[in-house]
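Student: I am new to this structure and would like a close look at one part of it. Please start with the whole and then move to the detail.

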Amino acid sequence: MIGKDNPENKEVNQPIGSDEDMSDTCAVSISTGASSARVLEDINLDADLALVLRLQQGDAIAFQELVVKYQKWVYSLCYRVLGNHAEADDITQETFVAVFRHIKRFKSQPNATFAGWLYRITVNLCRNQIRKQNRRREESLDAPVYISEESEKPSKLADVIPDDSMNPKQELVNQELNALIQTALNSLSVEHRIAFILHEQQELSYKEIAEIMQCPIGTVMSRLYHAKRELRKKLKKYL
């Protein structure tokens, strides 16, 4: 399981990201897609440690093995948090670049895992990307881009950009439901969204989420309560 807060270990296993990213202090179920099947319980800790030690010694093959092992669930987490396939792909790549560059910061402890450290890096990078999304949205989506011939009101870019969140390979009903869920998730605050996805999609416990988000368990529970309440309001007629 993920390492618990320990004054002696806190700096050792600190992932990249600013102090501001990790300093924000922080119950109903809505399906958010395929489960991670309890990644943190299923991983082989000894195998991970061996790969990490090899990577810390400069073994590029070990890095490739870690990527193959974890890239699917890192991407899944990124997509549900960000709501965009292209951005999820970018952040997944950034996550593993960060792992490669900063792997020597990680030192195995009895109660700390590489998977937990990787989760925290992923969450930090998703937070940063959401902040960028919000800045771009404020700068561009609210700006009039043309005057419609049918209306004197200026249309906004958000009204004419096609929604690319739906997978054309899925059935139409599933496409629409998935898009509705993702739109509802995107409306949540960053911290509420991350807590909800870690709990509902990644199936992590309150304790695990608290350690990843570096906040008290009570804060995690509060975030989940508010996230589920808001999602129920938005998806009420579909539940």
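What percentage of the 239 residues of the protein chain count as buried? After that, please look closely at helix α10: which of its residues are buried, and which residues make its contact with α9?

Tutor: The model is predicted, so local features need pLDDT of at least 70 and side-chain atom pairs count only at pLDDT 80 or more, while totals for chains, interfaces and linings use all residues. Residues are numbered from 1 along each chain as its sequence is written, and side-chain values use heavy atoms, with hydrogens and water left out.

Of the 239 residues of the protein chain, 44% count as buried. Buried means under 20% relative accessible area, exposed means over 50%, and partly exposed lies in between, with a 1.4 Å probe and protein chains only. The chain has 11 helices and two strands, where helices (H or I, at least four residues) and strands (E, at least two) are DSSP runs numbered from the N terminus. In sequence order the pattern is α-α-α-α-α-α-β-β-α-α-α-α-α.

Now to α10. This helix covers residues 206–213, and six of its eight residues are buried, so the rest of the structure largely encloses it. The buried residues are E208, I209, A210, E211, I212 and M213.

In the loop between α9 and α10 lies E203, whose phi is near 60° although E203 is not a glycine. E203 counts as partly exposed because its relative accessible area is 31%. After α10 comes Q214, with a positive phi near 55°. Q214 belongs to the loop between α10 and α11 (217–234), and it is not a glycine either. With a relative accessible area of 18%, Q214 counts as buried. As background, most residues other than glycine have a negative phi.

Helix α9 (residues 190–200) packs against α10: their axes come within 10 Å and cross at roughly 140°. Axes are lines fitted to C-alpha atoms, for helices over the stretch in contact, and angles run from 0 to 180 degrees between N-to-C directions. The two helices are therefore oblique to each other; angles under 35 degrees count as roughly parallel, over 145 as roughly antiparallel, 65 to 115 as roughly perpendicular, and the rest as oblique. The crossing of α9 with α10 is right-handed, which applies if the near helix is turned clockwise from the far one by less than a right angle, and left-handed if anticlockwise. From α9 the contact (heavy atoms within 4.5 Å) takes in E191, I194, A195, L198 and H199, and from α10 it takes in Y206, I209, I212 and M213. By class, these residues are seven nonpolar, one polar and one charged. Ala, Val, Leu, Ile, Met, Phe, Trp, Tyr, Cys and Pro count as nonpolar, Asp, Glu, Lys and Arg as charged, and the others, Gly among them, as polar.

L77, R80 and V81 of α4 meet R193, I194, I197 and L198 of α9. This contact has five nonpolar, no polar and two charged residues.

Rings of Phe, Tyr and Trp (its six-membered ring) pair if their centres lie within 6.5 Å; planes under 30 degrees apart count as stacked, over 60 as edge-to-face and the rest as tilted. There are seven aromatic pairs in the structure. In one of them, F63 and F100 have ring centres 5.1 Å apart and planes at 70°, so the pair is edge-to-face. F63 lies in α4 (residues 60–82) and F100 in α5 (residues 85–102), so the pair ties together parts that are 37 residues apart in sequence. F63 is buried at 17% relative accessibility, whereas F100 is partly exposed at 46%.
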